[in-house]
Amino acid sequence: MKFHAVIDVQLHAGIADPQGSTIEKALPTLGFDGISNVRAGKSIHLDIDATDAADAEAQLAEVCDKFLTNSVIEGAEISVVEAATAGAN
Amino acid sequence: MAPTIGVVRFPGTNCEFDTVEAVNALGGQGEILWHGDNSLANSDAVVIAGGFAHGDYLRPGAIARFSPIMQAVTAAANDGMPVVGICNGFQVLTEAGLLPGALQKNAGLKFINDWQMLRVETTNSSLTNAAEVGQELNIPINHFEGNYTCSPETLAELKANDQIVLTYVGNPNGSVGDIAGVCNEQRNVVGLMPHPERASHALLGSTDGNVLMQSILDSVGVTA
């Protein structure tokens with residue numbers, strides 16, 4: 001079965017995030033006040049063959065561990081959905 | 001016989017010829033190694049040169065570490081061959097798990113291209129055996145992701161094992177412990193963010209990098 005997954009990669013708290021900081025600094029100059037703690041991560045969308053959602057999640061956890069994230073500086077959240085619209089991302 | 005120093009070239013590497021030049025000027029034999037090959041040919045030591053391997057996509061070094069050449073580099077490193085990663089090469093070695101820690105974006109959030117004073121912290125490594133402890137070296141840095149980071153436990157281990165090889169005099173990028181370069185426990189694998197090959201001739205503004213390049217040549221044949 002084919003599943004669609006979205007992997008949200010975020011830097012750990014305390015790791016420098018120039019993109020997030022720059023966005024945050026720009027907001028008040030545009031008149032948007034009261035926004036803080038801006039963090040800009042990565043969102044990786046993909047389709048994966050798996051027996052069920054748990055299998056897809058387990059496979060992707062390994063992919064994240066070995067490749068998509070560097071655990072020294074980043075963490076990932078994996079969301080798996082059945083791919084009714086595979087290829088439509 | 002002049003030691004042969006293999007210099008790894010990935011798509012996007014841009015310091016390989018400077019590195020070969022610096023090696024040759026000291027009487028070594030620099031040879032380019034292609035990332036798609038899985039052999040180090042007749043190399044006595046390996047330098048992973050600076051640049052932007054595979055465009056730095058995903059993370060610097062994240063794709064490069066899966067290149068065929070890295071299997072050969074890893075095997076040779078485990079056998080004690082001197083392996084030095086410069087700048088992007090340092091990032092590749094941390095991603096490959098051959099060195100502890102990781103390089104995050106500079107604390108000042110800017111790319112830095114400048115001369116930088118470094119301090120030699122140990123001479124017990126394949127990059128510093130020809131130098132002296134406390135020696136200060138003027139060597140350029142050229143990076144965005146040069147801010148060395150690791151867990152407090154790892155930092156304590158690095159200190160306890162004398163694995164901090166070079167530190168910055170005046171921390172330019174926020175690196176923990178002012179770390180500019182570290183080695184593995186066996187001391188044959190070393191990574192550093194500064195570019196010794198760019199401080200290898202008076203015309204470049206400094207020759208302070210030569211003592212580091214010479215150390216790589218001198219470490220050939222010495223069992224780590």
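The following legends accompany close-up views of a predicted model.

**Figure 1. The contact between chain A and chain B**. Chain B contributes 13 residues to this contact, and chain A contributes eight residues. On the side of chain B that touches chain A, strands β5 (102-104) and β8 (147-149) of chain B each provide at least two residues. Sorted by class, this side of chain B comprises five nonpolar, five polar and three charged residues.

Figure 2. A:Phe3 is classed as buried because it has 22 C-beta neighbours inside 10 Å, the threshold for a buried residue being 20 or more. When residues up to four places away in sequence are not counted, A:Phe3 touches A:Asp47, A:Ile48, A:Ala50, A:Ala53 and A:Ala56, and also A:Val80, A:Val81, A:Glu82 and A:Ala83.

**Figure 3. The fold of chain B, with its helices and strands**. Chain B has eleven strands and five helices. Its C-alpha atoms occupy a box of roughly 40 × 35 × 35 Å along the principal axes. The radius of gyration of chain B, 15 Å, agrees with that of a compact globule, because a globule with 224 residues would have a value near 17 Å. Of the 224 residues in chain B, 57% are buried. Among the contacts in chain B with a separation of 6 or more, 75% join residues 24 or more positions apart.

How values were computed:
Residues are numbered from 1 along each chain as its sequence is written. Chains are lettered from A and ligands numbered from 1 in the order in which they are written. This is a predicted model: local features need pLDDT of at least 70, side-chain atom pairs count only at pLDDT 80 or more; totals for chains, interfaces and linings use all residues. Two residues are in contact if their C-beta atoms, placed from the backbone, lie within 7 Å. Helices (H or I, at least four residues) and strands (E, at least two) are DSSP runs, numbered from the N terminus. Ala, Val, Leu, Ile, Met, Phe, Trp, Tyr, Cys and Pro count as nonpolar, Asp, Glu, Lys and Arg as charged, and the others, Gly among them, as polar. A residue is buried if 20 or more other C-beta atoms lie within 10 Å of its own, exposed if 12 or fewer, and partly exposed in between; C-beta atoms are placed from the backbone. The radius of gyration is taken over C-alpha atoms; the globule rule is 2.2 Å times the number of residues to the power 0.38.
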